[in-house]
Amino acid sequence: MNVFEYQARSLLGRYGLPIPPGGVATSPEEARQIAERLTRGPFVVKSQILAGGRGKGRFLSGFSGGVRLCEHPAEVEEVARAMLGGVLVTAQTGPEGRPVNKVLVAEAPRIQRELYLAILLDRGRRCPVVIGSAQGGVDIEEVAREEPGALHRIWVDPQVGFWPYQARELAVRIGLRGPLLNPAADVIARLYRFFCECDASLAEVNPLAVIENEKIAVIDAKIGFDENALFRHPEIAAYRNEVVEDVREAEALKAGLNYVGLSGEIGCMVNGAGLAMATMDILHRYGGEPANFLDVGGGADQNQVTKAFGILMADPRVRAIFVHIFGGIMRCDVIARGIVEAVSHAKPKVPIVVRLQGTNFEEGKAILRQSDLLIRTADDLADAAQKAVAAARETR
Amino acid sequence: MSILVDGATRVVVQGITGKAGSFHARACLDYGTSIVAGVTPGRGGQKFDDRVPIFDSVAEAKVASACNASLIFVPAAGAADAILEAAAAGIELIVCITEGIPILDMVRVRRCLEGTNTRLIGPNCPGVITPGQCKIGIMPGYIHKPGRVGIVSRSGTLTYEAVWQLSQRGIGQSSCVGIGGDPVHGLGLPEVIDLFDRDPATEAILVIGEIGGCEEQEAAAFWKTSSRKPTVAFLAGVTAPPGRRMGHAGAVITGAAGTVEAKIEAFEAVGIPVILSPADIGAGMSKAMTATVS
């Protein structure tokens, strides 16, 4: 789960990381007031969306730049007015862009050097890795490609922990010596403490900057959290409702379903994540595109099936629904009754194709056939997928 | 023969009195698995279903029942603790079904298991089964059929689908191992392939992978240097968008190595055929096996 920059700032601030003062605004007036309260300009106004490339982004309105520098509070208000309520398109958002409902207004210190600092999990080595680079403020993936030697990594033994000498080593390697060395090592150590204590999956500061008077500052931060650990961080978990931008995903979240919205036209309901992905893939092979990933769980019950139908049917993109269940522990006849119940309740306007396989699949199919509902069934996975793709074409 | 579990495996179920634990303990008992003990702290001295003795700790269960494998259903917040408890008691094989364990907990667990004799399967996995002998997990036992194909998979229901397709064609399985959908887990694809290689009863191997991480690439590299058995692979997630977690915590594309394309390339480069449609897993396996016979 990724959070907005303004939320990341507030969490990192609690760990004593040096963050330029500022605040978040939902209206142009509020943005101006924040700027007026700050000690001095220039100010930066930053659109709050969960995607990168904001600086070079463009609003659908034509307004250019999702991040803008302003000299005066009046200018802050003007820029915030152009951004708020607009839709920002960046290299990472896709052509549809993301709505901007909040802007961050902060002091913009004079930057002398831009560096990079991040902590994430190295899956292969099964431990956190702290990454630093003297080249910050740019696309770090590009740095990694063009000049791999410019990235410095320190792997942390989870049994030993991260010690100050390691933070100093990294600071030196990214060129922070002299009066900057100890403050930089302190920033790195604090970021590591945050990473572990808050169960982050990513803590990226880009850029980490050297500003006037030989000071270090966190200019922008991207933070992600391990969803499995949210149960022990209720305060961070509370951000969840704010950060889900897709309406369909917000609904699924409330229903406790594993859902990812996509842009195709076949609504998918599958039990198990691997099977759900494989189902999306086979639809794609036959020329269909999934409207979503939806895993109702390995042991899905009737209640979840009903909720899942509700979400699929509320999606205007969906031209056909494909239900694919492998009945293992959960018997297919039980699933079939759940589907009949849900369908007769919700009366979907799009065709439904169902493939049941596994325990009692014959009984399951018989229940669907006898239901008088317009449900198409198939035994073979390839056949089922082709039927679903064809059904979506009919209703186009 | 088989890998990891057989008719002689003696199982303790941690969390045996919980909803999932009791349901699946019964299903395993029905399959013929010898479940010799259960653990629920505070319920020591009682019996599960009037037949399985319950203990307060894994250590006590081990002394009394000589169990050598553990099946864990303890909820996510206490699951890492349950794994470490089983390892500390000297249990050789730990199968953790629990989904949703914090990643940093698993990082510490894996570090603690280094240098011990304990093997961990999972978490967030269906478990392991040697058809006809022993089922330690939540998979539907009856779809399996004793035979000679070893299956290793990162998924649950997708593995059932694969097993179903194989069994329907009369192709049985030596053992099926679900290594789990979390980014940090116990035995990996290369390690299980290694076990199948050393198992005389396994003639061919099916690898089921998915997006995220680079274990498939490691498996391909390992197979190239060590394995002599015909192997085929299926990979899920061609259509998964980057940066989104597809159900499994581990199924998220975060770099070029995490994509299905990169994994297909790695397998094909070493000569492992990749089955492109999930509907063709049974047929693909069948083809690979006939190819070696002729």
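In this predicted model, B:Glu161 forms a salt bridge with A:Arg355, and their closest N and O atoms lie 2.7 Å apart. Between chain B and chain A the count of salt bridges is 4.

On the side of chain B that touches chain A, the elements giving two or more residues are helix 1 (19–31), helix 4 (103–113), helix 5 (157–168) and strand 13 (231–236) of chain B. Helix 4 of chain B gives the most, with 8 residues. By residue type, this side of chain B divides into 32 nonpolar, 14 polar and 10 charged residues.

The contact as a whole takes 56 residues from chain B and 48 residues from chain A. The size of an interface is often given as the accessible area lost when the parts come together. Here, the area buried between chain B and chain A is about 4,100 Å², and carbon and sulfur atoms give 62% of that area. Within chain B, the residues that lose the most area to chain A are B:Leu104, B:Thr157 and B:Thr239, together 15% of what that side buries.

The nonpolar cores complete the description. The largest nonpolar core has 135 residues, of which A:Phe309, A:Ile339 and B:Leu206 touch the most other members. Leaving aside residues up to four places away in sequence, A:Ile339 touches A:Val305, A:Phe309, A:Val323, A:Val354, A:Leu356, A:Leu368 and A:Ile375. Apart from this core lies another, of 77 residues, including A:Ala8, A:Leu115, A:Leu121 and A:Ile154.

Technical notes:
Residues numbered from 1 in each chain as written. Chains lettered and ligands numbered in written order. Predicted model: local features only at pLDDT ≥ 70, side-chain atom pairs only at ≥ 80, totals over all residues. Heavy atoms only, no water. Contact = heavy atoms within 4.5 Å. Buried area = accessible area lost by both parts, 1.4 Å probe. Salt bridge = Lys/Arg side-chain N within 4 Å of Asp/Glu carboxyl O. Helix = DSSP H or I, 4+ residues; strand = E, 2+ residues; numbered from the N terminus. Nonpolar A, V, L, I, M, F, W, Y, C, P; charged D, E, K, R; others polar. Core = buried A, V, L, I, M, F, W, Y, C linked by side-chain atoms within 4.5 Å. Buried < 20%, exposed > 50% of the residue type's maximum accessible area, 1.4 Å probe, protein only.
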